[in-house]
Amino acid sequence: MNASKKGLLASLIAAALLGGCGGADNIDSNSGNTGGNNGGDNGGTTPPGDSTLILFGVGANGGTTPSIQSEKDNWSLQPVTASPVAMTSISAVLINNAGTDDTADVQVAGDGDGTFMLKSATPLNLSKYASGFIEFQLRTKSKVPEVLNASIDNEYPNRSSLPIASALTGSGDWETLTLPINCMKPFPGATAINLATVGTPFHLATKEAFNYEITNIKYLLTTSAKPVVDPVTCEAPGGATDPGTDPGTDPGTDPGTDPGTDPGTNPDTGSGVNNAPALVATDAALYYSGDKSQALDRSADYPAASFGGTLTDENQVITMDLPGNGAAFLGTDSANGDLSAYQDGAMLLDLKVSSYGDSPNIQIRMDGTAGPDFGTFFTMDSNIVPDDDTWYRCILPIASLIPAANTGSVQKALYLSGAWDSMAGLRFAFTNVALKTAIPADFDSNQPCQQIK
């Protein structure tokens, strides 16, 4: 055995023993603890076979259906067959390669997210592959997109992903891609998949124009191939770890935004709104342009992030544009700050709505690590804050944002979104976010937001 093969074998053994890259924190393989969106208490169906599970291609035994999903068709899902299926964002057809209908010929239009996936009629228990690999063959027929993500999915936000665009040469020849499952992690705003109950064991998405053929998608316990990232460190060749973005949920920030033309920013006045009141020692500053010198600064614990739209953070104002489902938030999946001191208090928030778009409201909440707390949120609509591009200063009781029991461990200290599947055209901006231990005496539940003049 030569030195390179010995080194690869050693890394694979280490991955199996250690679960590499904090995999236990990212992909849950415990069939008895599914939790959240991950399915029932008993886990999914264990696939046949002792080692290799072939999901798609010659000899497929996984019982999955090849499908495509189009963002511009309201995320409609269609099975892929030998008859061409055409949607706005993506089209596909099954073709013969090494067998009958063993390969998908896919065209992503570049108009919204286009996803090729393999769906299972019943959840699969893939726990035994927690330290294994997903392997498939892909042949590019156009330029490789800048962002291409492979995922294990249970419908967003329950999705663990790995960016793979940099692993493709774009030569037009068949390329084999091998993905360490323990290196697949949720993007900001998503939650880690539980391998005990998987509905979509393969999910490949991009927003950019991309034509390709794909086949031989399988789950492996071990491999002799070189993975796209190191299975122990989860680093790509060259030592860099590519965190990536989720094209279906997080296109990232727009580097081309011009602060001089952004109505939410004003370089001469900091946040672009009147000076926020000074905070006191018992307050927590989350994202604050006013005087916070006496307060507890928690901004490093809860950085600004988003998914599904364009977030711009300029001059201490966050502006969010949503073409579809998405959210802006302060926090990370790994945050777990204790904010229980504020459970009987209030959140201060300066908010400006340019357009509610198709959404009847903006839903504002906080998420504990036991969440997401989908059922508890403050409903902000045009009766409270009109979509007139004017700043309003709001006082929101913490009890309206998160269950009190979940304030002891908080991932997202602020989460703003619209009504699901009705967010197109939603645009808002916010700043001066802080927490108070008590609800201010001037709070009016009938008029929680006051125009800043």
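**Close-up views of the predicted model**

**Figure 1. The salt bridge between Lys436 and Asp283.** Asp283 counts as buried, at 2% relative accessibility. Buried means under 20% relative accessible area, exposed means over 50%, and partly exposed lies in between (1.4 Å probe, protein chains only). The model is predicted, so local features need pLDDT of at least 70 and side-chain atom pairs count only at pLDDT 80 or more, whereas totals for chains, interfaces and linings use all residues. Residues are numbered from 1 along each chain as its sequence is written, and side-chain values use heavy atoms, with hydrogens and water left out. Lys436 forms a salt bridge with Asp283, with the closest N and O atoms 2.8 Å apart; a salt bridge is a side-chain nitrogen of Lys or Arg within 4 Å of a carboxyl oxygen of Asp or Glu. The two residues belong to distant parts of the chain, 153 residues apart: Lys436 is in strand E25 (residues 426–436), and Asp283 is in the loop between E13 and strand E14 (284–287). Helices (H or I, at least four residues) and strands (E, at least two) are DSSP runs, numbered from the N terminus. Lys436 is also buried, with a relative accessible area of 19%.

**Figure 2. A salt-bridge network of Asp105, Arg139, Lys141 and Glu213.** Within it, the side chains of Glu213 and Lys141 meet at 3.4 Å, N to O. Glu213 lies in strand E13 and Lys141 in the loop between strand E8 (133–140) and strand E9 (149–153), so this bridge ties together parts that are 72 residues apart in sequence. Glu213 is buried at 8% relative accessibility, while Lys141 is partly exposed at 43%.

**Figure 3. The salt bridge between Lys207 and Glu71.** The structure holds 12 salt bridges. In this one, the side chains of Lys207 and Glu71 meet at 2.8 Å, N to O. Both residues sit in loops, Lys207 between strand E12 (200–206) and strand E13 (210–220), Glu71 between strand E2 (64–70) and strand E3 (76–79), so the pair ties together parts that are 136 residues apart in sequence. Lys207 counts as partly exposed, at 24% relative accessibility; Glu71 counts as buried, at 13%.

**Figure 4. The largest nonpolar core, around Ile214 and other members.** A nonpolar core is a set of buried Ala, Val, Leu, Ile, Met, Phe, Trp, Tyr and Cys residues joined through side-chain atoms within 4.5 Å. This core has 48 residues, of which Phe116, Phe136, Leu179, Phe202 and Ile214 touch the most other members. E13 gives the largest share, five residues. Leaving aside residues up to four places away in sequence, Ile214 touches residues including Phe56, Trp174 and Leu204; contact means heavy atoms within 4.5 Å.

**Figure 5. An open sheet of six strands.** The strand order is E3-E2-E7-E12-E9-E10, with antiparallel pairing. E3 and strand E10 (159–163) are the edge strands, and each pairs on one side only. Two strands pair if DSSP finds at least two bridges between them. Strand E7 (residues 114–120) and E12 run antiparallel and are joined by five bridges. Met117 stands opposite His203 in E12.
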